[in-house]
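Biologist: I am new to this one. Show me the structure, and then let me ask how you know what you say about it.

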Amino acid sequence: CGQYIFETPQPRLDYILSVDPAKGGAGDYHAAHILERGTGRQVAEYRTRIALDVFHQRIFDLGQRYNNALAAIENNNMGIASNLYFRNRDYPNIYEYASPLKPKQRELGFPTNSLTRPLLIEELDTSIREGVSGVQGIRTVNELLNFFWSKSGKAEAQSGKHDDLLISDMIGDEIRWQQNRKVKLPKEEKPKIAQIKDELAN
């Protein structure tokens, strides 16, 4: 079975559907996770080599099941088709990326590139050291154990191994941190913050 459910959806929780579609190479997997937004806990894991259109429908259904989870889909290569699949079917909660260099420009999905990949690696390292990675799937753990710095200085899967689930999980974690930074403080906390700022100014 390609899909594992560790925790069933809870009605009042927000979730992230993070997806790394296969790039089309021999042996490459499609991979997806459901993460609970508040804690980053991995509640579902999916890895498969089925046809791309079938994969699209499976993850679409999975996202709907988890309270219309925020769909954060890598937009490299085949990921463009994946993002368009969700948009064309009016999925209500699709992630759009805004580059720190051009914050007013937004694009559908999450780009894994020379700008974003170091962020993914850094946050993965931090979450592991602090013991808050939230990973529950043994397949994701195995990919993590085979993820190394190569001689060229790139963090990647060991030769003959895969990192599809790991990349999907890292994308979800990055989106989670982005979303949580946007959460506003409760109203009762604002006076306290203002008071601290006044004290520091004096």
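**Terms put to the test**

Modeller: Let us start with L35, which lies in strand β3. Keep in mind that this is a predicted model.

Biologist: Why is L35 called buried?

Modeller: Its relative accessible area is 0%. Buried means under 20%. L35 therefore counts as buried.

Biologist: What does L35 touch, beyond residues up to four places away in sequence?

Modeller: L35 touches D14, Y15, I16, G40, R41, Q42, D169, G172 and D173. A contact needs heavy atoms within 4.5 Å. As for D173, it is 138 residues from L35 along the chain. Their C-alpha atoms are separated by 8.0 Å.

Biologist: Now A32. Where is A32 placed, and is it buried or exposed?

Modeller: A32 is in strand β3, residues 30–36. Its relative accessible area is 0%. The limit for buried is under 20%, so A32 is buried.

Biologist: Which residues does A32 touch, leaving out those up to four places away in sequence?

Modeller: They are L17, S18, V19, A44, E45, Y46, F55, I59, L165 and S168. Take S168: it is 136 residues from A32 in sequence. In space the two are 5.8 Å apart, C-alpha to C-alpha.

Biologist: What share of the chain's contacts joins residues at least 24 apart?

Modeller: The share is 59%, counted among contacts between residues at least 6 apart in sequence. The chain has six helices and nine strands. Buried residues make up 42% of its 202 residues.

Biologist: Let us turn to the helices. Which residues of α2 are buried?

Modeller: G79, S82, N83, Y85 and F86 are buried in α2.

Biologist: How do you know that they line one face of the helix?

Modeller: Look down the axis of α2. The buried residues fall within an arc of 155°, so they line one face. An α-helix has 3.6 residues a turn, so residues three or four places apart point the same way.

Biologist: What covers the buried residues of α2?

Modeller: The cover includes β2 (15–20), α1, β5 and β7 (102–108).

Biologist: And which residues of α4 are buried?

Modeller: In α4, residues 138–145, they are R139, T140 and E143. Seen down the axis, the buried residues of α4 fall within an arc of 100°, so they line one face of the helix. On the other side of α4, I138 and L145 are exposed.

Biologist: Where is N146 placed, and what does it contact?

Modeller: N146 is in the loop between α4 and β8 (147–149). Leaving aside neighbours within four places in sequence, N146 is in contact with E156, A157, Q158 and K161. A polar atom of the N146 side chain also lies 2.8 Å from the backbone oxygen of N142. The cut-off for a polar contact is 3.5 Å, and this pair is within it.

Biologist: What makes D90 count as exposed?

Modeller: Its relative accessibility is 68%. Exposed means over 50%, so D90 counts as exposed.

Biologist: Why is N67 called partly exposed?

Modeller: Its relative accessible area is 35%. Under 20% would be buried and over 50% exposed, so N67 falls in between and is partly exposed. N67 sits in the loop between α1 (52–65) and β5 (70–73). N67 has a positive phi of about 60° and is not a glycine.

Biologist: Last, the space inside. How many cavities of 30 Å³ or more does the structure hold?

Modeller: The structure holds one. About 30 Å³ of space lies in the largest cavity. What makes this a cavity is that a 1.4 Å probe fits but cannot get out.

Biologist: Which residues line the largest cavity?

Modeller: L120, E123, L124, M170 and D173 line it. The elements giving two or more residues to this lining are α3 (117–129) and α5 (164–182). The largest share, three residues, comes from α3.

Technical notes:
Residues numbered from 1 in each chain as written. Predicted model: local features only at pLDDT ≥ 70, side-chain atom pairs only at ≥ 80, totals over all residues. Heavy atoms only, no water. Buried < 20%, exposed > 50% of the residue type's maximum accessible area, 1.4 Å probe, protein only. Helix = DSSP H or I, 4+ residues; strand = E, 2+ residues; numbered from the N terminus. Arc of directions from axis to C-beta. 1 Å grid on protein atoms, 1.4 Å probe; cavity = no way out; pocket = protein on both sides within 12 Å on 5 of 7 lines; lining within 4 Å. Points joined across faces, edges and corners; volume = space filled by probe spheres on them. Polar contact = N/O pair within 3.5 Å; in protein donor to acceptor, adjacent residues only side chain to side chain.
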